Amino acid sequence: MTENQTRLQEIEGLLESYKKGMTQEQSNELVAKMRDARFVVPVTFPQDETMAAIQEEIIRTGKPVQLPKDAKPVPILIQNSKKEHFLAIYTSLAQLPKDKMHNGVIEMTFDACMNYAKNAKSPVSGVVVNPFSNNFVIKPRMEQQVTPAQFHVLARKNVEYVLLPHSIYTKGKEYFDSIDSEVLFRFFQDQYQNKLPIPYTQDDFEVMQLGISPQLDLIHMSMPAKKLEQGGCIRLYATWHKGVDRAGYYMIVRGEDKSDRKFLYMDDTGKATDLGEAPVESAEMQQVMDLELARYAN
């Protein structure tokens, strides 16, 4: 599997986890992640001898081929009930509609897709990702330039609220056991690559793997004090209940003031539940243990 296929698979997984609804913040963070991916775009090519030869080559080899410079693929547009047109893009070939309206597929970066929507000769309202399953719509007006300070906040929340919990809930116990300061640091490296200098080092992350009881394993994660703004996580606790073979994810979050600390639980759909004011630091772990064991007591 290529790096791009892995990235698209992760995006598809996030879209699936948000199928019951996502917040505007989660939507913006997902769009930011899509910028690093190349999507599958169904197109139509004018039928001529050159295209017929290309199609035969694709069928014969099952591999992408280099298009001639004068090839002019026309992306497929989809119309909604309001008669708005959207560019349809997909995370995999499996997501393409069975009733083909296309005679070819190409890869396009997310930015190229958005530019097409903004600059098309006929009106195009935006882009829709996996329209026949996830139906995630992005309109050009959602795109905005962010300041470095805003980027630090978005990068942090993308890791703490989206990528890390999704990985913990979907990748199993072996992945859970592998989490350490290097794993956390790599999440942030991926956010900052080619954008801004990363303000963290691996030493800014403190991770303790603890075997609490025969029923419960726990990971205590202290997050960097640098760039910690409202909504950022001070500490994270991941749990693994052995009796039901399921993960849990708890967050100690900075409030509006530096002294305010909120306690949240995030489930496997990405829904965060407010558990009220966070306990004092010395009591955090015990409260997480009590809540997680009580969750499956019956």
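How many salt bridges does a search of the whole structure find? The search finds 17, where a salt bridge is a side-chain nitrogen of Lys or Arg within 4 Å of a carboxyl oxygen of Asp or Glu.

Before I go through some of them, a word on the source. This is a predicted model, in which local features need pLDDT of at least 70 and side-chain atom pairs count only at pLDDT 80 or more, while totals for chains, interfaces and linings use all residues. Residues are numbered from 1 along each chain as its sequence is written, and side-chain values use heavy atoms, with hydrogens and water left out.

I begin with helix α2. Helices (H or I, at least four residues) and strands (E, at least two) are DSSP runs, numbered from the N terminus. Helix α2, residues 24–34, packs with helix α5, residues 148–170, at an angle of about 105°, and their axes lie 10 Å apart. α2 is therefore roughly perpendicular to α5, a term that covers angles of 65 to 115 degrees. The axes are lines fitted to C-alpha atoms, for helices over the stretch in contact, and angles run from 0 to 180 degrees between N-to-C directions. On the α2 side, Glu25, Glu29 and Lys33 meet Leu154, Lys157, Asn158, Val162 and Leu163 of α5; contact here means heavy atoms within 4.5 Å. By class, this contact has three nonpolar, one polar and four charged residues. Ala, Val, Leu, Ile, Met, Phe, Trp, Tyr, Cys and Pro count as nonpolar, Asp, Glu, Lys and Arg as charged, and the others, Gly among them, as polar.

Lysine 33 also forms a salt bridge with glutamate 10, with the closest N and O atoms 3.4 Å apart. This pair links distant parts of the chain, since glutamate 10 is in helix α1 (residues 3–17) and lysine 33 in helix α2, 23 residues apart. Lysine 33 counts as buried at 14% relative accessibility, whereas glutamate 10 is partly exposed at 22%. Buried means under 20% relative accessible area, exposed over 50%, and partly exposed in between, with a 1.4 Å probe and protein chains only.

I turn now to the sheet. An open sheet of three strands runs in the order β2-β1-β5, with antiparallel pairing; two strands pair if DSSP finds at least two bridges between them. β2 (74–75) and β5 (104–109) are at the edges with a single partner strand each, so one side of each has no neighbour in the sheet. Strand β1, residues 38–44, pairs with β5 over six bridges. Valine 43 has glycine 104 of β5 as its bridge partner, and helix α4, residues 110–119, packs on the sheet, touching β1, β2 and β5, with its direction at about 100° to that of β5. Arginine 38 stands opposite threonine 109 in β5.

Aspartate 111 meets arginine 35 at 2.7 Å, N to O. Aspartate 111 is in α4 and arginine 35 in the loop between α2 and β1, 76 residues apart. Aspartate 111 is partly exposed at 33%, and arginine 35 is partly exposed at 32%.

Lastly, glutamate 284 and arginine 261 meet in a salt bridge of 2.2 Å, N to O. Helix α8 (residues 281–295) holds glutamate 284, and strand β12 (residues 261–266) holds arginine 261. Both residues are buried. Elsewhere, salt bridges that share partners join Lys173, Asp177, Asp217 and Lys242 into one network.

Notes
Angles under 35 degrees count as roughly parallel, over 145 as roughly antiparallel, 65 to 115 as roughly perpendicular and the rest as oblique.
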